[in-house]
Amino acid sequence: MNTDKLLATLIVLICHTFYNPTDSGAVQITQSNLDMVLASNEIVFINFYADWCKFSNMLMPIFDDAADEVSKAGYNPGQVVMGKVDCDKEPAVATRFHITKYPTLKLFRNGLPAKKEYRGQRSVEAFAEFIKKQLTDSVVTFSSLKELHSLAEDKRHIIGYMDRRDQKEYEILRKVAATLKDECIFHAGFGDASQQMHPPGQPIVVFRTDRKTSADPDETYTGSLLDFDQLHSWVQKKCIPLVREITFENAEELTEEGLPFLILFYHPDHPESIKKYKEVVSLELQSEKQNVNFLTADGVRFEHPLHHLGKSVADLPLIAIDSFRHMYLFPDYKEMDKPGRLKEYLKDLYSGKLHREFHYGPESPQVIMVNNEVKVTTPPESTFKKLAPSKNRYTLLRDEL
């Protein structure tokens with residue numbers, strides 16, 4: 001066992017040295033070393049830049065100095081790397097992570113990108129503190145089962161009942177928590193604090209939904225606690241609901257994910273449409289979750305988008321797609337649960353059919369003619385893109401470049 005540990009440490013040291021080829025500054029990341037850097041380090045913080053961008057040039061020395069500070073902090077090999085990607089020289093890397101503006105700062109935990117870009121202050125001290133915070137334990141330790149009775153009822157929780165802090169199962173749970181700590185609150189109890197909840201030597205992990213919306217009992221994870229990908233996938237499904245509610249508070253975060261919105265606008269006095277919508281999405285559109293965000297929106301609070309669609313609160317409920325370029329109204333809410341109807345509408349979005357038909361009329365021989373010409377229409381502009389991060393945020397006059 002000691003020999004194995006020594007060998008693993010030497011491998012990490014070799015990787016760490018190989019991917020820090022210079023004596024100072026952030027590690028230059030390319031297509032050839034990207035995957036190894038992500039796989040070899042718990043935290044990777046990357047500056048995506050372009051040499052022609054003045055804001056990138058202003059940030060670069062600050063970021064490099066911060067990388068030096070992080071190196072001096074004495075973190076263990078394999079814990080953290082600050083890297084940089086020249087997006088002009090590495091267009092494949094920029095495309096892979098949907099980089100469209102410079103500089104863009106992204107955090108990766110255990111090889112997976114965080115949903116949010118870094119939005120904090122651009123200074124050596126702020127970067128160093130940010131990295132330090134990322135490496136703190138994301139799991140809250142409880143010392144007795146009584147503490148679990150007072151967990152926040154409006155949050156989702158992942159609870160681990162463990163034998164010891166140094167067991168491998170807890171290390172895997174900790175890594176999952178670091179990746180998904182913004183989606184769920186993670187807890188763990190060790191030894192006497194949790195022995196009533198699991199057989200000796202057989203730790204378990206359970207999911208507790210928010211009690212304000214559900215009275216479902218805790219659900220036990222049945223997969224391998226030694227398989228990061230398997231546990232991560234299960235926790236992600238539990239902590240990130242397939243259908244989410246969009247509000248003015250979280251709209252910016254949702255737009256950052258870069259996926260079109262399929263939105264049910266409902267009337268708060270008649271929320272039964274939400275249940276129906278969730279059922280249809282769950283039954284028919286699971287396969288589309290990587291391509292679109294399924295959302296519900298209070299049609300009274302979001303009355304402005306309704307006006308863009310030529311509708312009002314009196315027309316609720318209704319469904320629309322916001323592509324971040326245009327909005328497209330689903331023809332008839334009552335057809336929502338017609339098998340395959342919503343999926344067909346999404347396919348029409350992907351293929352561009354919705355956009356073409358809005359501009360040029362129905363794609364059929366019987367097009368609408370006005371003065372012997374095709375009638376051209378324009379779909380309403382996107383409303384939710386206006387809630388996205390400002391394009392003018394890259395300035396040293398504020399906290400961000």
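Buried means under 20% relative accessible area, exposed means over 50%, and partly exposed lies in between, with a 1.4 Å probe and protein chains only. By that scale arginine 164 is partly exposed, at 45%.

Some ground rules. This is a predicted model, where local features need pLDDT of at least 70, side-chain atom pairs count only at pLDDT 80 or more, and totals for chains, interfaces and linings use all residues. Residues are numbered from 1 along each chain as its sequence is written, and side-chain values use heavy atoms, with hydrogens and water left out.

Now salt bridges. The term means a side-chain nitrogen of Lys or Arg within 4 Å of a carboxyl oxygen of Asp or Glu. The count is 16.

Back to arginine 164. Its partner is aspartate 166, with the closest N and O atoms 2.9 Å apart. Aspartate 166 is exposed, at 62%.

Next, lysine 101 and glutamate 117. Their closest N and O atoms are 3.1 Å apart. This pair links distant parts of the chain, 16 residues apart, with both partners in loops. Lysine 101 is partly exposed at 26%. Glutamate 117 is buried at 15%.

Then glutamate 69 and lysine 72, at 3.9 Å, N to O. Both sit in helix H3, residues 54-72, three residues apart. Helices here are DSSP runs of H or I, at least four residues, and strands are runs of E, at least two, numbered from the N terminus. Glutamate 69 is partly exposed at 38%, and lysine 72 is exposed at 65%.

Last, a network: salt bridges link Glu42, Glu171 and Arg174.
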